[in-house]
Amino acid sequence: PTLNTSNLAHQYNPDAEIDLRHEIITSNDTAFIYVKLIINQSKPLLNDYTFDFFTAGSYGEALQQITANKIDSSYLGQARNQHTIRFALPKSSLLGLGAIRVQSKFSGFTYFYDFNMAGHHIALWDSNNNVQFTSWVAPGVYHFNSGDQIYGYYYEHHFPPALPPMPVREETPAKAMPIDSSFVVAREQNITFTNHGLFLFQNDSSSQRGKGIRVENKYYPKLAKLEDLVEPLIYITTKEENMQLQNINGDKKAFDKFWLDLTKSPERAKSIIKNYFDRVESANRLFTTYKEGWKTDMGLIYIIFGPPDEVTKSNSDETWLYLASPDLPKLKFNFIRTESVFSSSHFVLVRDKNYASAWYRAIDLWRKGRF
């Protein structure tokens, strides 16, 4: 099989049987692949799943299985329904692209998870020596795996929300973000995160590659504070309504009254708020890179239209397909991979004026509580 012909939509499905996260560290001749398997069903056990590794030069090339005798595995522990395993395999056995195949004896389904082998040298560990699988962490004490000093940069930058999927105005070119502070993390030195915002870490300060980490509050990817709930509503409110919400200053009664006035129904208002912020949380969990997940183009489409029915990937882009429903037509969204010093997996939507009618229809469905 090839990865560009596989439907990878399970990777974005919050109701999927499993979720898999990974972190790759290359050291000398060995690639260490840390895997966190999250079992979302109550009955299956870890023994119901088998792991196989594949590699290819690109998404369009046939996958080559890496033989089991080249792979060592170590079970690192369990936290509730989450299992962490470390696999070690020769770096020489991996081409530019890797894939993990998880087969479920419980359901009979097979799941593929792709990963890029470029630039995996820095990993972050918490004070309990657990590797961090996400591109965000809560404030606290951490350390790096690297035996060398690490160069760090802090950006106190507020990223704007994504624009609608159709062109609405000329985007102004992004300005270079000013570095608010820089520092060096010495070998085996702990780093304490207190400031929220974006950090960049590099082994080599002149490199075009690094590891971007957002420091968010302990509830993230969930938005737990009322004042944090207002900005993401920009996607389904008018400019005037959003200004009104910004002026409530954390007053929950005023927030609830806004939705009651809009929907004329307590049940519908409650439903909209719950479902919308469930989507925002999922978007943060799935798509956070150097900016919060809900602000990315993928996060925008995910929040408004939901998990895609089909996902196909190539080296340069990713395509989401939504099948036709009674309320919306069949839709296809194409995202272009854009590499930056912060992330190798940030995607930008190819905007098209033909999305306008479906977009306004979907917003109307949200506002009427009929999503």
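Is tyrosine 155 buried or exposed, and what is its relative accessible area? In this predicted model, tyrosine 155 comes out buried, at a relative accessible area of 7%. That sits under the 20% cut-off for buried residues.

Now for the rings. A pair of aromatic rings is described by the distance of the centres and the angle of the planes. The count for the model comes to 31 aromatic pairs. One of them joins tyrosine 155 and phenylalanine 342: the ring centres are 5.3 Å apart and the planes stand at 75 degrees, so this pair goes down as edge-to-face. It's a link between distant parts of the chain, with 187 residues separating the two partners. Tyrosine 155 belongs to strand 12 (residues 150-155), while phenylalanine 342 sits in the loop between strand 19 (331-338) and strand 20 (346-349). Phenylalanine 342 counts as buried too, with 12% relative accessibility.

Phenylalanine 342 also pairs with tyrosine 290, and here the centres are 5.7 Å apart with the planes at 45 degrees, so the label is tilted. Tyrosine 290 lies in the loop between helix 4 (266-287) and helix 5 (297-305), so its pairing with phenylalanine 342 ties together parts 52 residues apart in sequence. Tyrosine 290 is buried as well, its relative accessible area being 17%.

Elsewhere among the aromatics, ring pairs connect Tyr142, Phe144, Tyr154, Phe183, Phe193, Phe199 and Phe201 into a cluster.

Terms used:
Residues numbered from 1 in each chain as written. Predicted model: local features only at pLDDT ≥ 70, side-chain atom pairs only at ≥ 80, totals over all residues. Heavy atoms only, no water. Phe/Tyr/Trp six-rings, centres within 6.5 Å; stacked < 30°, edge-to-face > 60°. Helix = DSSP H or I, 4+ residues; strand = E, 2+ residues; numbered from the N terminus. Buried < 20%, exposed > 50% of the residue type's maximum accessible area, 1.4 Å probe, protein only.
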